[in-house]
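This report describes one protein model, from selected residues to the overall fold. The structure is shown below.

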Amino acid sequence: MSNDLELLNFIYQNAEMGKDTITHLIQVVDSVEFRKHLEVQLTEYQNIFDTADQALQKKKQEAEGIGAFAKISSYMMINFKTLLDKSPSHIAEMMIQGSTMGTVDMTKRIKEYEDSVQPETLKLAKQLLKTEQHNIEEMKKFL
């Protein structure tokens with residue numbers, strides 16, 4: 001698999017995890033203001049997800065989504081962590097932790113692939129990184 005395809009699949013999976021997690025959390029959140037922030041983030045992840053999917057389709061490749069086990073594990077963890085505390089502060093902390101992991105992973109991938117992928121692929125990777133960093137700053141407001 002080419003480096004472009006590997007990085008695009010990583011972007012696709014990262015954005016998929018972000019949008020799936022937020023979609024699940026929106027159902028749990030009571031605060032209207034906090035929900036609005038999550039919906040903005042959901043839109044950002046959806047746009048990146050769609051862009052990565054379209055780029056893969058142009059290369060005649062099917063996106064490799066997140067596996068069922070990873071999705072189920074994620075949902076179970078979200079349900080467990082929000083069982084007793086559904087406050088915006090607690091959920092913001094969870095979001096910051098997830099986006100921090102995404103930031104670290106994306107930074108590593110950008111450094112690994114920056115000299116061996118198409119400029120548009122690198123641009124999308126950097127867009128995802130910027131989105132993760134912005135989301136962390138937005139969630140800090142709710143701590």
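Where does Lys-60 lie? Lys-60 sits in the loop between H2 and H3. The model is a predicted one, and in it the phi angle of Lys-60 is near 60°, a positive value in a residue other than glycine. Lys-60 counts as exposed because its relative accessibility is 74%, and the cut-off for that class is over 50%.

## Overall fold

The secondary structure of the protein consists of five helices and zero strands. Read from the N terminus, the order of elements is α-α-α-α-α. Along the principal axes, the C-alpha atoms fill a box of roughly 45 × 30 × 20 Å. For 143 residues, a compact globule would have a radius of gyration near 15 Å, and the protein has 15 Å, so the two agree.

Of the 143 residues, 42% count as buried. The protein exposes about 8,200 Å², and carbon and sulfur atoms supply 54% of that area. Among contacts between residues at least 6 apart in sequence, 81% join residues at least 24 apart.

## Helix H3

H3 covers residues 68-82. The buried residues of H3 are Ser-74, Ile-78 and Thr-82. They cover an arc of only 50° around the axis, which means that they are on the same side of H3. An α-helix has 3.6 residues a turn, so residues three or four places apart point the same way.

What do the buried residues of H3 pack against? Their partners are helix H1 (3-26) and helix H4 (88-113). The face of H3 turned away from the buried side carries the exposed residues Ala-68, Phe-69, Met-76 and Phe-80.

Asp-85 and Ile-11 are 74 residues apart along the chain, and their C-alpha atoms are separated by 30 Å.

## Helix H4 and Ser-99

The 26 residues of H4 should span 38 Å at 1.5 Å a residue; the end C-alpha atoms are 36 Å apart, which agrees. Buried residues of H4 include His-90, Ile-91, Ala-92, Met-94, Met-95, Ile-96 and Ser-99. Further along H4, Gly-102, Thr-103, Met-106, Ile-110 and Tyr-113 are also buried. The buried residues of H4 pack against H1, helix H2 (32-58), H3 and H5.

Ser-99 lies in H4 and counts as buried because its relative accessibility is 4%. Leaving out residues up to four places away in sequence, Ser-99 touches Tyr-45, Glu-132, Asn-135 and Ile-136. With Glu-132 there is a polar contact between the two side chains, at 3.0 Å.

Helix H5 covers residues 119-140 and contains Met-139. Is Met-139 buried or exposed? Met-139 counts as buried, because its relative accessibility is 1% and the cut-off for buried is under 20%. Not counting residues up to four places away in sequence, Met-139 touches Phe-34, His-37, Leu-38, Gln-41, Ala-92, Met-95 and Ile-96. Of these, Ala-92, Met-95 and Ile-96 are among the buried residues of H4. Met-139 and Leu-38 are 101 residues apart in sequence, with a C-alpha to C-alpha distance of 9.1 Å.

Thr-121 also has its place in H5. With a relative accessibility of 2%, Thr-121 counts as buried. Its contacts, leaving aside neighbours within four places in sequence, are with Asp-4, Leu-7, Leu-8 and Ile-11. The side chains of Thr-121 and Asp-4 are joined by a polar contact of 2.6 Å.

| Side chain | Partner side chain | Polar contact |
|---|---|---|
| Thr-121 | Asp-4 | 2.6 Å |
| Ser-99 | Glu-132 | 3.0 Å |

Technical notes: Residues are numbered from 1 along each chain as its sequence is written. This is a predicted model: local features need pLDDT of at least 70, side-chain atom pairs count only at pLDDT 80 or more; totals for chains, interfaces and linings use all residues. Side-chain values use heavy atoms; hydrogens and water are left out. Helices (H or I, at least four residues) and strands (E, at least two) are DSSP runs, numbered from the N terminus. The expected span of a helix is 1.5 Å times one less than its number of residues. Buried means under 20% relative accessible area, exposed over 50%, partly exposed in between (1.4 Å probe, protein chains only). The arc is that of the directions from the helix axis to the C-beta atoms. Contact means heavy atoms within 4.5 Å. A polar contact is a pair of N or O atoms within 3.5 Å; within protein, one must be able to donate a hydrogen and the other to accept it, and residues adjacent in sequence count only if both atoms are side-chain atoms. The radius of gyration is taken over C-alpha atoms; the globule rule is 2.2 Å times the number of residues to the power 0.38. Accessible areas come from the Shrake-Rupley method with a 1.4 Å probe; for residues, only the protein chains shown count as cover.
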